[in-house]
Structure formats: C-alpha cells, structure tokens
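Reader: I have a model open and would like to go through it with you. Could you start with how far its parts can be trusted?

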Amino acid sequence: MTETLERTQDRQVAGLADRRTWTRFAYLLATFPLGQFWFIALVTLISVGASLVIIWVGIPILWFVFLLWRRGAEIERDFVAWGLGIEIETPYRPEPVGPLRGMWAVRLRDPATWRDLAYLLLLLPLGIVWFTLLVTGLAVPLSLIATPLTYRWWAPFSFASEGWRWLIIDSPGEALIAAAIGVGFLFLFPGLLRGMAAIHGAVAAALLGPTESARLNAEVQGLRASRG
C-alpha cells in the first residue's frame with residue numbers, strides 16, 4: 001500500500017514537471033483567443049460576402065474566406081500536433097489536374113472542407129470551457145497554498161454565515177491545513193489537463209482528420225492504382 005502511494009506521488013510530481021503538461025496548458029489556454037479570432041473573422045466575412053454576392057463584390061470575399069479557413073485548419077493541425085501530441089492526417093480528396101474551376105469544385109464538394117469550418121467555429125465555445133477550467137484549476141490550489149501568507153488579511157472581510165463558519169481561516173493551523181489541501185489539488189492538475197486534452201484531441205481528430213470512409217476510399221484507390 002505504501003509503495004503504491006509513493007508511486008502515485010512520484011507520478012503526480014513528474015506530471016507537474018513534464019513538458020507535455022505545460023504544452024497542453026499553453027495550447028488549451030490559447031484556444032480561447034484563437035476561437036474568438038476565428039469566430040469573429042469567419043462569421044463577419046461570410047456574412048458580408050453572402051450579402052454582397054448579388055452585386056458580385058461578395059464573390060472574391062467568399063473566395064478569400066474559403067482560402068482563409070482552409071489555411072487555418074492546416075495551421076490548427078500543426079498546432080494540435082505540437083500542443084497535444086496528436087498527429088492528424090490531411091483529410092482532403094485528391095484534386096484533379098486541369099482548370100482551376102474543376103479544382104475549386106472538388107474543394108467545395110469535399111466534406112472535409114466544411115468540417116474544417118465547423119471546427120474553427122467550435123473553437124470559441126470549447127475555448128471558453130477550457131479557459132474556465134484552467135483558471136479555476138490553477139487559481140483554487142494556488143490560493144490555498146498562499147493561505148498562510150494571506151489569511152490574516154482576508155479573515156476580517158469574510159461574510160460567511162454561521163452555518164459556513166468552517167470556511168473562515170483565521171488561525172495558523174487552519175492556514176497550513178488549507179495550504180496542504182492546495183498542494184494536493186495542484187498535483188491533480190496534470191490529470192485535469194490530460195482529460196481536457198483527450199477530449200479536445202478527439203474533437204480535432206473527428207473534424208480535422210479523415211473519416212473512416214475516406215480512409216477506405218483512399219485505400220481502394222491506392223489498390224486500383226497499384227494494379228493498373
């Protein structure tokens with residue numbers, strides 16, 4: 001039992017020192033501002049372009065926003081690989097050799113193109129959730145750890161009712177207990193990051209990567225080409 005507990009503590013300490021923990025943290029924290037950028041840029045440009053199509057001005061705007069979200073999805077695949085360690089294959093259908101009209105028709109009919117757009121728009125609500133969990137997951141343990149230095153300042157301003165007096169920390173012993181609880185919570189933080197990264201990675205792989213049917217089609221086309 002003691003050895004198991006020691007191994008668990010070692011893993012928790014190693015988790016805080018692991019570079020992957022903090023690359024996950026940086027990536028998940030960045031999804032909020034990135035989500036804001038993509039949501040505002042794409043919704044604004046698509047709305048403006050669609051409203052101006054009738055006078056042809058909207059066509060180059062829509063063409064630009066199409067290029068923008070395809071490029072954004074490519075950047076996000078690289079970003080996911082760096083931050084979460086998840087490699088996502090390029091999901092697009094092969095483009096024909098010939099006039100640009102045919103190439104653009106293939107791109108617009110490709111479901112992967114529209115999954116790219118869905119992912120970039122989904123980054124904002126995901127980013128809000130991750131930002132809230134990250135800030136809370138760090139602020140609570142760090143606040144508790146700092147209690148021995150701050151409890152004398154906060155205790156006079158506590159407005160807890162009689163039924164919640166146990167929340168008021170007004171002695172050194174209580175402050176040390178709170179700090180110990182904060183250290184325990186801090187050791188749980190890497191596990192929280194791994195769970196969040198797994199969820200985000202699954203969403204990214206589903207929307208930015210190829211579907212199972214696309215993989216099968218690619219294999220069939222490869223077999224046909226090798227036989228030919």
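Author: Confidence in the chain is highest in H5, at 94, and lowest in helix H1 (residues 2-17), at a mean of 51; the score is pLDDT, the predictor's confidence in each residue, from 0 to 100, and helices are DSSP runs of H or I with at least four residues, numbered from the N terminus. This is a predicted model, in which local features need pLDDT of at least 70 and side-chain atom pairs count only at pLDDT 80 or more, while totals for chains, interfaces and linings use all residues. Residues are numbered from 1 along each chain as its sequence is written, and side-chain values use heavy atoms, with hydrogens and water left out.

Reader: What does the chain average, and which residues have a pLDDT below 50?

Author: The chain averages a pLDDT of 81, with 75% of the residues scoring at least 70.

Reader: Moving on, which elements give two or more residues to the largest nonpolar core?

Author: The largest nonpolar core has 31 residues, and those touching the most other members are Leu28, Leu42, Trp69, Val80, Tyr119, Leu120 and Leu134. Two or more residues come from each of helix H2 (19-52), helix H3 (58-84), helix H5 (111-145) and helix H7 (172-208), and H5 gives the most, with 9 residues. Such a core is a set of buried Ala, Val, Leu, Ile, Met, Phe, Trp, Tyr and Cys residues joined through side-chain atoms within 4.5 Å; buried means under 20% relative accessible area, exposed over 50%, and partly exposed in between, with a 1.4 Å probe and protein chains only.

Reader: And what does Trp69 touch, not counting residues up to four places away?

Author: Tryptophan 69 touches Leu42, Ile46, Thr113, Trp114, Asp116, Leu117 and Leu120 on that count.

Reader: Is Asp116 buried or exposed?

Author: Aspartate 116, in helix H5, is buried, with a relative accessible area of 0%. Its side chain makes a polar contact of 2.4 Å with the side chain of tyrosine 92; the term covers a pair of N or O atoms within 3.5 Å where, within protein, one must be able to donate a hydrogen and the other to accept it, and residues adjacent in sequence count only if both atoms are side-chain atoms. Beyond four places in sequence, aspartate 116 is in contact with Trp69, Arg70, Ala73, Arg77, Tyr92, Leu207 and Leu208.

Reader: How many aromatic pairs are there?

Author: The structure holds 9 of them, counting rings of Phe, Tyr and Trp (its six-membered ring) with centres within 6.5 Å, and calling planes under 30 degrees apart stacked, over 60 edge-to-face and the rest tilted. One of them is the tilted pair of phenylalanine 32 and phenylalanine 131, at 5.2 Å centre to centre and 35° between the planes. Phenylalanine 32 lies in helix H2 and phenylalanine 131 in helix H5, so this pair ties together parts that are 99 residues apart in sequence.

Reader: One last thing: which residue has a positive phi although it is not a glycine?

Author: Tryptophan 56 does, with a phi of about 70°. Tryptophan 56 is in the loop between H2 and H3 and is exposed, with a relative accessible area of 64%. Most residues other than glycine have a negative phi.

Methods: Contact = heavy atoms within 4.5 Å.
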